[in-house]
Amino acid sequence: MKAKHTGLTSLIIALQLIFCVNMVHAQASNPVNIPDTLHGPVFDLDILDTTKQFFPTGSLTKTYAYNSDFLGPTLMLRKGEFYEFNVTNYIMTDTTTTHWHGMHISSANDGGPHTMIFPGETWSPEFTVLNEATTFWYHPHLHHKTQEHINFGAAGMIIVEDENSDTLRLPKTYGVDEFPIIIQDKTFGENNQLAMERVGDSITINGTLNSYLDVPAQMVRFRLLNASVSRTYNVGLEDSSTFQMIASDGGFLNTPIDLTRLMLAPGERAELVIDFSNYAVGDSINLYSFNTELPSGVQGGASGPYSVNYNLLDNLDFTLLQCNVQPATADPVTELSPVLNNIDCWDENIADVFRTKIFSGGMNQVFFINGDQFDLNLVNDTIKLDDIEVWSLLNSTSEAHPFHIHDIQFCILDINDNPPPPQLAGWKDVVLVEPFSEIRFITKFETFADTIIPFMYHCHILNHEDNGMMGQFIVKREIATSTSREPISNEVTISSFGNLIQVKGQGTVSIYNLAGQKMQRSILNAGDNIFTFESGIYLVSVLNSDGTTTEKVYLAE
Ligand code: C2O
Ligand code: CU
Ligand code: CU
């Protein structure tokens, strides 16, 4: 009897211990920041080198931000509208870029690593929104610097609305029953300065530590964005009650789906609707991340590659955001539209091309895609405009990798031969490929061809991306192989060796750099023309004497 009693006592102590270790439950003290909204048709974005007071006392933290002291305004766009942007880099000590993550725009407007904004300079892309209503984001994308620039706070949300979202019954008043929820984990080092860690030990929501949000006692929509360096979140309500998911990266799901957990990897977005009318006014309910339940190999989980006390949040279920239930608004949404979208994906039987991307490596956090490291001067894939392609992502490493591709949205065909679960059955531009898994997606590369500026694909774990887990592709109207010394018309031959590009023949030759600037123009008279370039990618365009144009991309080494 005594022994039994001791056993029971130690069981209770053990349970209490587990409870204490697994639940971090502090009273939130800071009202969550709700980023301002910005409307077009012209968006002025200033990338600032600034500071923010994260803690009630002590040093200011050095940050980067768009138009603010941390993160940036939410850009409000509408499908079919044309917008202009002026993005000025006020970080006087560094070059950067600004990429519109998830949007279907030309590579010249996409803001990848090639489209640099030098200190003090303004970049002015312009485009018409072709995507349907959803949540995107913007962030720097300079090679080797993406982790640093995003970690210091340069990122913001983009909301697209369209005729469909206008008619749907959904919570849709920003800051009232619809909220941006940008999740980032941070590590604050000496003097409150942000450290360059792969996973942080402090959660910020929209840049606020230890945050709470007043929510009305009704259906509330959260636009979640995981803008963390590498941590995946396993989002749910503290009491594990059901919520609805209505949208994934690129648009609405076909119908709302019921979930109690949603895994959100770096770069991914999801729109959730939580019904706070199930709680009493005055109650607090926490949005949690149940990271003890993450599958093995997923960053930030119980058995992730950084687990076992890599930092204070690993191996834990922790609070993302405390929601304080307030009285409902005058006219709350009480029921969602049962049909949200009509996604009709391509059938793989009509695919033009199948590609495989194998992830390998792992030593010192260096990973490869098909054996290659990112090389600014190497175009990894050339894709024909309007082709439908199936990509197979094969992860041969023991870490999970959130694969992201620019230009397009894709549909997942299967995950390890099984159809995707409903939360992954909508439009996607990021997908988490778990260790030793295979995911196949289908997409169509339409609208934008550019023979000179590539689009990117990469792992959205920022240190993996910066370490070279990235490739680039060109979308072309016509595919002709572009090896050196190959004649490009019957009149003109172009060859390249080292940093020399030699053009022979008759015609007018123009050479452009990656920014689309004309570097050289000259008339050929059957003789040789030799151009010397700094290393980089150039477009050589020849106006032949019969009036036709021949274009080719050349690499100067
Ligand atoms: Cu979110 Cu290539 O980026
Ligand atoms: Cu992107
Ligand atoms: Cu990765």
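**Aromatic cluster.** I looked up the aromatic contacts of this predicted model and found that Phe-359, Trp-391, Phe-403, Phe-410, Phe-441, Phe-445, Phe-455, Tyr-457 and Phe-473 form one aromatic cluster. The structure holds 30 aromatic pairs (rings of Phe, Tyr and Trp, the last by its six-membered ring, with centres within 6.5 Å; planes under 30 degrees apart are stacked, over 60 edge-to-face, the rest tilted). I noted that Tyr-457 and Phe-473 are stacked, because their ring centres lie 6.3 Å apart and their planes are at 20 degrees. This pair links distant parts of the chain, with Tyr-457 in strand β33 and Phe-473 in strand β34 (residues 470-476), 16 residues apart (strands are DSSP runs of E, at least two residues, numbered from the N terminus). Tyr-457 is buried at 2% relative accessible area, and Phe-473 is buried at 0% (buried means under 20%, with a 1.4 Å probe and protein chains only).

His-401 lies in strand β29 (residues 401-405) and Cys-459 in strand β33 (residues 450-459), so the pair ties together parts 58 residues apart in sequence. I found both His-401 and Cys-459 buried.

**Conventions.** Residues are numbered from 1 along each chain as its sequence is written, and chains are lettered from A and ligands numbered from 1 in the order written. Local features need pLDDT of at least 70, side-chain atom pairs count only at pLDDT 80 or more, and totals for chains, interfaces and linings use all residues, while side-chain values use heavy atoms, without hydrogens and water.

Terms used:
Helix = DSSP H or I, 4+ residues; strand = E, 2+ residues; numbered from the N terminus. Buried < 20%, exposed > 50% of the residue type's maximum accessible area, 1.4 Å probe, protein only.
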